[in-house]
Amino acid sequence: MGYLIGIDVGTSGTKTVLFDESGAVKASATAEYPLYQPQNGWAEQEPRDWWNAVCETVAQIIGTSGIQAKEIRGVGISGQMHGLVMLTKEGEVIRNAILWCDGRTSEECEEITQAVGKERLIEITANPAVTGFTAGKILWVRKHEPQNYERCAHILLPKDYIRYMLTGEYATEVSDASGMNMLDITKRKWSEEILDKLEIDSAILGRMYESCEITGTVSEQAARLTGLAPGTLVVGGAGDNAAAAVGTGVVREGKAFTTIGTSGVIFAHSNRVTIDKAGRVHTFCAAVPDAWAVMSCTLAAGFSLKWYRDTFCTAEIEVAQGIGVDSYLLLNEQIARLPIGSDKLVFAPYLMGERSPLLDENARGVFFGLSARHTKYHLLRAVMEGVTFSQRQCYDVLREMGVPFTQMLATGGGGKSPLWRQMLADVYGCPVITLKAQEGPALGVAVLAGVGAGVYASVEEGCEAVIQVDTEQRPDTACSAEYEKYYRLYQKIYPALKEQFQQLAEIECEKI
């Protein structure tokens, strides 16, 4: 039997998993790294931290699994989307990567819209100019750091930097490139029209592949650092959400998933290009050849819970460490005792601005209804409910667009929580399903590697071979009705504060 590796380069850390051809996990390892916020609303990481994490985790899973490196048939790479990695002609990193959740490029997004035209931009790329997307970041560096832009010979996305370090190839693939504001979504290639209007040379962008195509092989140098065998094939892989779609079997129409990771995503498969002209959600190329996906992205889903836990629940973290359990498990037990609506407390999870369906980098988090009777656990439950409401807003948009799905799966860290899955089921008003395999993006890109290596004849066949349903949580009608009261109130918070968010963003902070 052969083996496949899936590497998922996330925002909080890199997870690398070794699978056999049936999808069974043989070894898994994770390495974390920091996120830097030089200014409010900015987010950066050091690409070499990602590479170090990949080297560490790949070497660890090969070392602990007992298999020979030559038994590994292929490697697939997933990663956080939209990040800007700039390299010199020698392949050296020029500056920290600007991440998907960075909101500094509002002026550049306006420049893109003016240069291309709002309707034309959406017609070609299926998306408006978004601060999180890559094109605006390129223009920002060109304007604010011209010395760095002059040195730039290659622009890659985060996972594609890992591909370069593994293979020496400057390449990307359609699902991840869809989030750069420069791809012709229908034709699945770089848009010459947009690149010309933005004065971006196509030569600095990666060569385009489909997600399951072979893009290169592991070099001798990378083999020494990772323990992989030289010549091991590396496929295109996918952006994290497109990879999660494959890893959950969302590769045919009628299927969708919700991910509550750092960000929150609803992702639905489509056999055709379906565009929201208002730009509230995104249409991307799927990791399945000749297929597309409609997805939302809220910027601070699981991140909101992590922020609250890390800031206000240090005692619970210490207790959890002392008894050897996950701190989120302890917190879930506390908030399960509280009523729906957190005793009339509502949270708007705009800690990093917002993208879907609001598209406002100046939006900020809000606790509405806070009173002296509320404990930190009320606030914690409100955070989970607010994140759930933000997903419901996106769910409603996809339904409005006529995107077909009848099955909703749950993935990501939030998807591991029965309490959070029940919230989703009650707020959506539909069943929420989990799978026996919990590896999401890592499994997805391993399947893509299997297709590239000839283990599976197609992406769909690979999913049939490795994916099995585990649990189903059905909505409680009474709970759904109670949540609906708070959801309607939640929907009114952002419109009521939109002007004030803008005013807050314009205030200059003086150092005292």
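Which backbone nitrogen lies 3.1 Å from a polar atom of the side chain of D184? This tour of a predicted model begins at that residue.

**First stop: D184**

Select D184, which is found in strand β10 (residues 183–184). The backbone nitrogen in question belongs to K187; its distance from a polar side-chain atom of D184 is 3.1 Å. With a relative accessibility of 14%, D184 falls under the 20% cut-off and therefore counts as buried. Next, display the residues that D184 touches beyond four places in sequence: I124, K189, W190 and S191.

**Second stop: helix α4**

Now select residues 134–144, which form helix α4. Eight of its 11 residues are buried, so helix α4 is largely enclosed by the rest of the structure. Colour the buried set separately: T134, A135, G136, K137, I138, L139, W140 and V141. To see what covers these residues, show, among others, the helices α2 (106–116), α5 (146–151) and α8 (192–198). The strands β6 (85–87), β7 (97–98) and β8 (154–156) also belong to this cover.

Finally, select residues 302–312 (α11) together with residues 327–335 (α13). Their axes come within 12 Å and cross at roughly 90°; the two helices are therefore roughly perpendicular to each other. On the α11 side, the contact is made by L305, K306 and R309, and on the α13 side by S327, Y328 and L331. Coloured by class, this contact shows three nonpolar, one polar and two charged residues.

Methods. Residues numbered from 1 in each chain as written. Predicted model: local features only at pLDDT ≥ 70, side-chain atom pairs only at ≥ 80, totals over all residues. Heavy atoms only, no water. Buried < 20%, exposed > 50% of the residue type's maximum accessible area, 1.4 Å probe, protein only. Helix = DSSP H or I, 4+ residues; strand = E, 2+ residues; numbered from the N terminus. Contact = heavy atoms within 4.5 Å. Axes fitted to C-alpha atoms, helices over the stretch in contact; angles between N-to-C directions. Parallel < 35°, antiparallel > 145°, perpendicular 65-115°, else oblique. Nonpolar A, V, L, I, M, F, W, Y, C, P; charged D, E, K, R; others polar. Polar contact = N/O pair within 3.5 Å; in protein donor to acceptor, adjacent residues only side chain to side chain.
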